[in-house]
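Work through the exercises below with the model open beside you. Try each task before you read its solution.

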Amino acid sequence: MFPYIGGKAHHVKWMDPLFPQGFTQFVEVFGGAGWVSVKSAKVAQASHRVYNDFNPLLANVYECLRQDPLSVLAAMTATPKSDLNLYRQYQRELFVDLDWTSVTLGDVSLAVKYLYLQTQVFAGTPLSATNVPYFTELKAGGKYPSKYDTLRKKLIDPDIQQRLMAIDCVEQMDCVDLIKKYDSPDTFFYVDPPYYNMEFYYSKDFPREKHQELAKVLSNIQGRFALSYYEFDDLREFYPESQFQWHRQSVYRSAATRSSNSADYGTKSKVTEILVMNYTPPAITVKKPKLTKRPTKTVTYANPDLIQVA
């Protein structure tokens, strides 16, 4: 819905065909900016949808959007964009003065303050008490629109309003506790944890032991899951390819995690995203992204020995 570190705005298109059919409950375990909840066609089939994020400011945003997106839109419209003094004021309020443990979900004023900050930093850079604002429409000679305005325009769209209000529940739980709470044979979990050795980009510490704990609980669920990671050495230990389906996709990294000052900027901008699944997805036609010129190819997943949830 808005720029956020690790957001899946440009990934949903290739991931969605890999998601399973026939689930009635969808749980976005690390909700972030909520792109999968809002954009996935497969998720739209679920009669019960849950958004979760351990960050109370993000959970509050989605509780407000779920309850009444037009109230959030009205409050955003009443707040002038690209105001440095206002940015600094909200920054102090949320990252110096506010006790995050006291946040009550459903606070529209707090949601708008958070969105004001998050949409006006560079490429969804993680927020803090020291962020430098990046007012997009004032850069590059006005070539790009304000991301604050872009979000407001999205909230005007009736289709997006309906997708937001279709979220039945917003949680602010630990990922393992959440999975245990909602696990069932009819549940599909989309899992996008802080990427390994990149946890410093996020608001909550997520050490190796937590990655291991997450892998252990996912290995024993009744439901189905798709999990996003970049490739790293321990991934095969956590999710062996002999037990799980792996799909590899060439993608561009978030602008917030790369530097344009590097001589090999183009190469470093490309990474391989891994989607790990505990079910066999259908044969699909995978369109190669524009970063290559290889023809479209069909990928078939057909190992009956791998975990398959009925």
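The model is predicted: local features need pLDDT of at least 70, side-chain atom pairs count only at pLDDT 80 or more, and totals for chains, interfaces and linings use all residues. Residues are numbered from 1 along each chain as its sequence is written, and side-chain values use heavy atoms, with hydrogens and water left out.

**Exercise 1.** Find out how many residues of strand S5 are buried, and which strands it joins.

*Solution.* Start with the terms. Helices (H or I, at least four residues) and strands (E, at least two) are DSSP runs, numbered from the N terminus. Buried means under 20% relative accessible area, exposed over 50%, partly exposed in between (1.4 Å probe, protein chains only).
- Step 1: S5 covers residues 224–230, and seven of the seven are buried, so the strand is largely enclosed by the rest of the structure.
- Step 2: Arg224, Ala226, Ser228 and Tyr230 point one way, while Phe225, Leu227 and Tyr229 point the other way.
- Step 3: Strands pair if DSSP finds at least two bridges between them. S4 (residues 187–191) runs parallel to S5, with four bridges. Phenylalanine 188 stands opposite arginine 224.
- Step 4: S7 (residues 270–277) runs antiparallel to S5, with five bridges. Here serine 228 faces leucine 275.

**Exercise 2.** Describe how helices H3 and H6 meet.

*Solution.* 
- Step 1: The axes (lines fitted to C-alpha atoms over the stretch in contact, with angles from 0 to 180 degrees between N-to-C directions) of H3 (residues 56–67) and H6 (residues 108–118) come within 9 Å and cross at roughly 115°.
- Step 2: Contact means heavy atoms within 4.5 Å. H3 supplies Leu57, Leu58, Asn60, Val61 and Cys64; H6 supplies Val108, Leu110, Ala111, Tyr114 and Leu115.

**Exercise 3.** Which residues does tyrosine 62 touch?

*Solution.* Its contacts include Met1, Phe2, Tyr51 and Leu164, not counting residues up to four places away in sequence.
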